[in-house]
Amino acid sequence: MNFLEERILRDGVVREGNVLKVDSFLNHQMDIELFDEIGKEFKKRFKDCDINKIITIEASGIGIACVAAKHFGVPVVFAKKSKSINIEGDVYMAEVESFTHKCKNQVVVSKSFLNSDDRVLIIDDFLANGCALQGLISIVNDAGAKVEGIGIVIEKGFQNGGRTIRNLGYHLESLAIVESMDAEKSTVTFADQEEYK
Ligand code: 5GP
């Protein structure tokens, strides 16, 4: 079991509706020592990739991406959520349905901060159905930039996002892959990551 899986077992809480709460260390209160380990691990897993920018999505991805960026020595751009239908200005835009909030957001990235020279690592906290990732991928593609890799902290392997993204040929690395979880029994099991390569 790796450092993250141990932490999930210790402090994660399983909620009804396939939601894993990790807000005591990942996406509300944030354990920066843990973030540093996560950043180090992403750097190890993407060591052969030529990355010049990290992209994530507001809000939970930002802290993780920033600490990871220290290990890559690159800037972070986050896709901003915007409720407005008519988005002004020069932006790349995608529509993303929130798994946890069940609403649709438009997310935007300014054309000033993403262009066809960029080689991007996409980072996010969770991967469930893959909607957030598909939105970020489409923004990177619209810019003519290249997705060098995708780093996810927690993938829920029993939802279909990871399979879809891997089938599209992307280099996706998830630091913990939840195989199953049970809210009533308060249990979480992890998948063998070798099986997801
Ligand atoms: P997807 O777009 O892959 O369906 O969902 C990914 C997004 O939904 C992540 O950015 C994350 O914020 C949120 N999310 C999905 N599943 C969970 C979960 O089990 N727990 C928490 N805390 N967030 C989740």
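Modeller: Asn 18 is found in the loop that joins β1 (13-15) to β2. The model under discussion is predicted.

Colleague: What makes the phi of Asn 18 worth a remark?

Modeller: The phi of Asn 18 is positive, at about 60°, although this residue is not a glycine.

Colleague: How do you know that the peptide bond from Glu 58 to Ala 59 is cis, and where is Ala 59 placed?

Modeller: The omega of that bond, from Glu 58 to Ala 59, is near 0°, and the bond is cis. Ala 59 belongs to the loop between β3 (53-57) and α3.

Colleague: Why are α2 and α3 called oblique to each other?

Modeller: The axes of helix α2 (residues 32-45) and helix α3 (residues 60-72) cross at roughly 55° and come within 8 Å. Angles under 35 degrees would count as roughly parallel, and those from 65 to 115 as roughly perpendicular. The two helices, α2 and α3, are therefore oblique to each other. Their crossing is right-handed.

Colleague: Which residues make the contact of α2 with α3, and how do they divide by class?

Modeller: On α2 the contact is made by Phe 35, Asp 36, Ile 38, Gly 39, Lys 40, Phe 42 and Lys 43, and on α3 by Gly 63, Ile 64, Val 67, Ala 68, His 71 and Phe 72. Seven of these contact residues are nonpolar, three are polar and three are charged.

Colleague: What describes the packing of helix α1 (residues 3-11) and α2?

Modeller: Two packed helices are described by the angle and the distance between their axes. For α1 and α2 the angle is about 145°, and the axes lie 10 Å apart. Phe 3, Leu 4 and Arg 7 of α1 meet Leu 34, Glu 37, Ile 38 and Glu 41 of α2 in this contact. By class, the contact of α1 with α2 holds four nonpolar, no polar and three charged residues.

Colleague: What is the volume of the largest pocket, and which residues are closest to its centre?

Modeller: The volume of the largest pocket is about 780 Å³. Its lining has 33 residues, of which Ser 60, Ser 98, Thr 100, Asp 125 and Phe 126 are the closest to the centre. Elements that give two or more residues to this lining are β2 (19-21), α3, β5 (91-97), β7 (119-127) and α4 (131-142).

Colleague: Which element gives the most to the lining of the largest pocket?

Modeller: With four residues, β7 gives the most. The lining of the largest pocket divides into 14 nonpolar, 11 polar and eight charged residues.

Methods. Residues numbered from 1 in each chain as written. Predicted model: local features only at pLDDT ≥ 70, side-chain atom pairs only at ≥ 80, totals over all residues. Heavy atoms only, no water. Axes fitted to C-alpha atoms, helices over the stretch in contact; angles between N-to-C directions. Parallel < 35°, antiparallel > 145°, perpendicular 65-115°, else oblique. Left-handed = near helix turned anticlockwise from the far one by under 90°. Contact = heavy atoms within 4.5 Å. Nonpolar A, V, L, I, M, F, W, Y, C, P; charged D, E, K, R; others polar. 1 Å grid on protein atoms, 1.4 Å probe; cavity = no way out; pocket = protein on both sides within 12 Å on 5 of 7 lines; lining within 4 Å. Points joined across faces, edges and corners; volume = space filled by probe spheres on them.
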